[in-house]
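Here's a quick briefing to read alongside the model.

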Amino acid sequence: MSDAPPSVSRMGGKAVLFVMAAQPEYGPHLKARFAPLMTGVGPVEAAVEMTAALATLGRTGSPPDLVVSLGSAGSRVLEQAEIHQAVSVSYRDMDASPLGFDKGATPFLDLPAVVPLPLRIPGVREATLSTGANVVSGPAYDLVQADMVDMETYAVLRACQKFAVPLIALRGISDGAAELRHVGDWTEYLHVIDEKMAQAVDRLEAALAEGRII
């Protein structure tokens, strides 16, 4: 990772740090709007890179007013290639229930198993989100109590909470209607998601300019 501060965009008079996991999700429509922090795939990489980025921005005196996590997600209940904003996020890898803790709740951490995300972009569909280190497919959805699944948002949220920065999470549904068998099943709709995600980013910019978010 470079020691240079990550790129922070100016939108509606606010400093916004856009965060993504992987280059295949960053298509031409999003490239025309911002340069994201790329964390890599999964909650560990996302936590490491987000924490380092926010610490660097804090040291340089330019912390973001808002972090926006963008990317793809799986779902077997939401329409493929549509964009949703997360109204809550949970951590499906955490299970200390044999010790008497609620499944999904981290022991000795004052957070519920499902953490609300209060900020909203007007006009963008809403859904619940589950983060974990596994790619969910087929019958594995039976174990998930959320509308959509990803691999980074909860980790990004925890870093944001550490630095007192609000978070918005946008996800495009790339897969889930059928069982995944090849990486091409994930990338098939990414070009469509790129265009629709850019429209959601435009809605975000308008809402920030109008003072409707923060």
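Just after H5, Gly-211 takes a positive phi of about 70 degrees. Keep in mind that this is a predicted model.

**Helix H5**
- Helix H5 covers residues 190-209, and at 1.5 Å a residue its 20 residues should span 28 Å; the end C-alpha atoms sit 28 Å apart, so the two values agree.
- Buried residues in H5 include Leu-190, Ile-193, Asp-194, Met-197 and Ala-198.
- Further along H5, Ala-200, Val-201, Leu-204, Ala-207 and Leu-208 are buried too.
- As background, an α-helix has 3.6 residues a turn, so residues three or four places apart point the same way.

**The nonpolar cores**
- The largest nonpolar core has 29 residues, and Leu-17, Met-50, Val-67, Met-148 and Val-156 have the most contacts inside it.
- Strands S2 (14-20), S4 (66-74), S5 (83-91), S7 (125-131) and S9 (167-175) each give two or more residues to this core, and so do helices H2 (43-59) and H3 (153-162).
- H3 supplies the largest share of this core, with six residues.
- Leaving aside residues up to four places away in sequence, Met-50 touches Leu-17, Val-19, Leu-37, Thr-39, Val-67, Val-156, Ala-159 and Cys-160.
- There's also a second, separate core of 27 residues, and Met-20, Tyr-26, Leu-119 and Leu-204 are among them.

**The cavity**
- How many cavities of 30 Å³ or more are there? The count comes to one.
- The largest cavity holds about 50 Å³ of space.
- Its lining is made up of Met-20, Glu-25, Leu-30, Gly-71, Ser-72, Leu-190, Ile-193, Asp-194 and Met-197.
- S4 and H5 are the elements that give two or more residues to that lining, and H5 gives the most, with four.
- By class, the lining of the largest cavity has five nonpolar, two polar and two charged residues.
- Leu-190, Ile-193, Asp-194 and Met-197 turn up both in this lining and among the buried residues of H5.

**The second largest pocket**
- The second largest pocket has a volume of about 210 Å³.
- Ser-90, Tyr-91, Arg-92, Met-94, Lys-103 and Gly-104 are among the residues that line this pocket.
- Ala-113, Val-114, Ser-130, Leu-143, Val-144 and Gln-145 also belong to the lining of the second largest pocket.
- Sorted by class, this pocket lining has six nonpolar, four polar and two charged residues.

**Positive phi without glycine**
- Phe-108 has a phi near 65 degrees, a positive value in a residue other than glycine.
- You'll find Phe-108 in the loop between S5 and strand S6 (114-116), and it counts as exposed because its relative accessibility is 80%.
- Ala-164 isn't a glycine either, yet its phi is positive, at about 55 degrees.
- Ala-164 lies in the loop between H3 and S9, and its relative accessible area of 69% is over the 50% cut-off, so it is exposed.

**A buried alanine**
- Ala-53 is part of helix H2.
- Is Ala-53 buried or exposed? At 0% relative accessibility, which is under the 20% cut-off, Ala-53 counts as buried.
- Ala-53 and Leu-143 are 90 residues apart along the chain, and 33 Å separates their C-alpha atoms.
- Leu-143 also belongs to the lining of the second largest pocket.

Key: Residues are numbered from 1 along each chain as its sequence is written. This is a predicted model: local features need pLDDT of at least 70, side-chain atom pairs count only at pLDDT 80 or more; totals for chains, interfaces and linings use all residues. Side-chain values use heavy atoms; hydrogens and water are left out. The expected span of a helix is 1.5 Å times one less than its number of residues. Buried means under 20% relative accessible area, exposed over 50%, partly exposed in between (1.4 Å probe, protein chains only). On a 1 Å grid over the protein atoms alone, a cavity is a set of points where a 1.4 Å probe fits but cannot get out, and a pocket is an open set with protein on both sides within 12 Å along at least five of seven lines; lining residues have an atom within 4 Å of a point. Grid points are joined across faces, edges and corners, and a volume is the space filled by probe spheres set on the points. Ala, Val, Leu, Ile, Met, Phe, Trp, Tyr, Cys and Pro count as nonpolar, Asp, Glu, Lys and Arg as charged, and the others, Gly among them, as polar. A nonpolar core is a set of buried Ala, Val, Leu, Ile, Met, Phe, Trp, Tyr and Cys residues joined through side-chain atoms within 4.5 Å. Contact means heavy atoms within 4.5 Å.
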